[in-house]
Amino acid sequence: MLLKKLCDENLHYRYPTATRAITDRYEKEIKTITEQGFASYFLINHDIVRYAQHKNYFYVGRGSGANSMVAYLLRITDVDPIDLDLYFERFMNAFRTSPPDFDLDFSWADRDDVIDYIFRKHGNTHVSQLATYSTFQWNAAIRELGKVFGLPKAEIDSIEERIETGGDKITNAIHSYGKRLIDMPNHLSIHAGGILISEKETTYYTALSFPPKGFPLTQFSMLEAEDVGLYKFDILSQRGLGKMKDAVALIKSNQQVDVDIHDVQRFKEDPEVRKNLEQANLIGCFYVESPAMRMLLTKLKAKTYLDLVAASSIIRPGVAQSGMMQEYIKRFHDPSRRKYVHPKMGELMSETYGVMVYQEDVIKVAHFFAKLTLGEADMLRRGMSGKYRGREEFQKVEKKFFDNCKAEGYPDEVTREVWRQIESFAGYAFSKGHSAS
């Protein structure tokens, strides 16, 4: 099997000494990917990054795919899921029907060539860009209806005002029809980076259009694509990668030193990198150069990669607004504030001082505290966000959570408090894999 062969070839590069935990995780992932029929999805992503490596294009694999060891072995991502305690089930499991998803970032200078390679490799008849629906909102709806009724521009500009003052027959009709048009499709736009590759010709599934960009465009969005069994490949752009490439070229020219930007472990241990991190000297560093992030890192006096990963998560609006960010900062510096509702929670939340920071924390607590399977724990995480909450399977998992906690001998008030913490947190949690990558 090609997927396993490629992973075996890279195993020593990523893990010079492979422990039993590593090999067990590896075998489990390969089995799940194969059983769910996603081997080809991984192989195509691997082919894209292999082309980028061949052309010396810098890239970053982001998203929940960072939770996959297979993606790490194939060099799609540079995040070690063993080192960071990331759960594969957050990315793919038997309960999860949505397809896996990798976000591949390339430099603005290289992205178009990567897209061109995909079209050359798989053929124009089997590759297309993904559309998105641009929907009517109030202002656009009433302007379009004004044109339908043949109103001149001056009258269209004053429709809103005329509606508020009662209006005439045409104005009232525009008001009535406008309310019905809200969120209805207006026109097609092009997805920021979504590309579809189909086994049959794309026209078997959808009609195509040819916008000025020159690549065929589907007539449906990613949701309809999933419904017919087509999964998107996200080819995105990040300006910072071009800066890195320039920097590496300058170092080679001036100092005759080759820098491997995928040798992440070396950067984690570099004392100069840690010094810049602690001083928040991060201008020019993608994602962490904003004033808010530099202020947070200054307060934390962050020194390590894990500090940076946590900061990238707690600065998110939901965590910050809930007061969790301030509590995390206090517990980071003051061990006396680190209190846990149960000793088991102390074991599980020690890395984040008892504050739930990541979606993976929900999975961890549900699995190790309430003894749910990892698949059930991920279902609980997704259900907490509200999307699946009304479903029968979520309600079964909720019941199992409380039943298992009772069987484990936890007091009812402890179980309720742990559930409350999960419930209040899970809706705005950020994926650790996202933050790490």
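Hi everyone, this is a short tour of some salt bridges in the structure above. Please keep in mind that we are looking at a predicted model.

Let me start with the overall count: searching the whole structure turns up 30 salt bridges. I'll walk you through a few of them.

Take D101 and K232, which form a salt bridge with their closest N and O atoms 3.7 Å apart. D101 sits in the loop between α4 (69–73) and β2 (103–106), while K232 belongs to strand β7 (residues 232–237), so this pair ties together parts that are 131 residues apart in sequence. How accessible are the two partners? D101 has 26% relative accessibility, so we call D101 partly exposed. K232, on the other hand, is buried, at 13% relative accessible area.

Now stay with K232 for a moment, because K232 also forms a salt bridge with D234, and here the closest N and O atoms are 2.6 Å apart. D234 counts as buried too, with a relative accessibility of 4%.

Next, let's move to helix α17. Which side chains meet there? R331 and E327 do, in a salt bridge of 2.8 Å from N to O. Both residues lie in helix α17 (residues 324–333), and they are four residues apart, about one turn of the helix. As for R331, this residue is buried, with 12% relative accessible area.

Finally, some salt bridges share partners, and in this way K4, D8 and E27 are joined into one network.

Notes: Residues are numbered from 1 along each chain as its sequence is written. This is a predicted model: local features need pLDDT of at least 70, side-chain atom pairs count only at pLDDT 80 or more; totals for chains, interfaces and linings use all residues. Side-chain values use heavy atoms; hydrogens and water are left out. A salt bridge is a side-chain nitrogen of Lys or Arg within 4 Å of a carboxyl oxygen of Asp or Glu. Helices (H or I, at least four residues) and strands (E, at least two) are DSSP runs, numbered from the N terminus. Buried means under 20% relative accessible area, exposed over 50%, partly exposed in between (1.4 Å probe, protein chains only).
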